[in-house]
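Please look over the structure shown here. This report goes through its cores and its charged side chains.

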Amino acid sequence: MTTQHRDAALSPSEQATIRQLLDADRQRTETRIAVLGHDRDDMVQSAAQSASDDEHDPEGTSTAFERAHIEALLDQAQTHLVDLDLAVERLHDGTYGICAKCGQRIAIERLMILPAAKMCVGCAAHHRR
């Protein structure tokens, strides 16, 4: 562990709080994945049972849009689950709370709101541009 990482280490109480936040977020995300997966499966099954023609069915376009929307939300939730797992790994190896871009400590307030955050506010804002 570098001096920078040692200086940025979370206190034991902060680590416990973050672990609880990560666990709770993981549980919510797994539930969301299950619900979205069920919704997607229901939609696919419903489409298979009907002989609808999306091109000529007045509901076809909205059904295709809804299916694509569910898939996008499902992909987003699965990506977030991976991010949570990586955050847990960082918590275990002592690099949690260190910005992946600049190497500075991520504000604990940011981590409390976004426990899977990999970047500080400044780097995250610059990254989105």
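## The nonpolar cores

The model is predicted. Its largest nonpolar core has 18 residues. Leu10, Ile18, Leu22, Leu91, Tyr96, Cys99 and Leu111 touch the most other members. Four helices, α2 (12-49), α3, α4 (108-113) and α5 (121-128), each supply at least two residues of this core. Helix α3 gives the largest share, with four residues.

Take Leu91 as an example. Neighbours within four places in sequence are set aside here. Leu91 then contacts Leu10, Gln15, Ile18, Arg19, Leu22 and Tyr96.

## Salt bridges across the chain

Side chains of opposite charge can pair when their charged atoms come close. The structure holds eight salt bridges. One of them joins the side chains of Glu14 and Arg105, at 3.4 Å from N to O. Glu14 sits in helix α2, while Arg105 is in the loop between α3 and α4. The two are 91 residues apart, so this pair links distant parts of the chain. Arg105 is partly exposed, with a relative accessible area of 35%.

Arg26 and Asp85 form a salt bridge too, and their closest N and O atoms are 2.8 Å apart. Arg26 lies in helix α2 and Asp85 in helix α3, so the pair ties together parts that are 59 residues apart in sequence. Both residues are partly exposed: Arg26 has a relative accessible area of 25%, and Asp85 has 30%. Arg26 and Asp85 also belong to a network of salt bridges with Glu30.

## A pair of sequence neighbours

The side chains of Arg40 and Asp41 meet in a salt bridge as well, at 3.3 Å from N to O. Arg40 is partly exposed, at 25% relative accessible area. Asp41 also counts as partly exposed, at 42%.

## A buried arginine with no salt bridge

Arg90 is found in helix α3, which spans residues 60-93. Which side chain of opposite charge is nearest to Arg90? The nearest is Asp83, 6.8 Å away.

What does Arg90 touch, not counting residues up to four places away in sequence? Arg90 touches Thr95, Tyr96, Ala116, Ala117 and Lys118. Tyr96 is also one of the residues that touch the most other members of the largest core.

Key. Residues numbered from 1 in each chain as written. Predicted model: local features only at pLDDT ≥ 70, side-chain atom pairs only at ≥ 80, totals over all residues. Heavy atoms only, no water. Buried < 20%, exposed > 50% of the residue type's maximum accessible area, 1.4 Å probe, protein only. Lys, Arg positive; Asp, Glu negative; His and termini not counted. Salt bridge = Lys/Arg side-chain N within 4 Å of Asp/Glu carboxyl O. Contact = heavy atoms within 4.5 Å. Core = buried A, V, L, I, M, F, W, Y, C linked by side-chain atoms within 4.5 Å.
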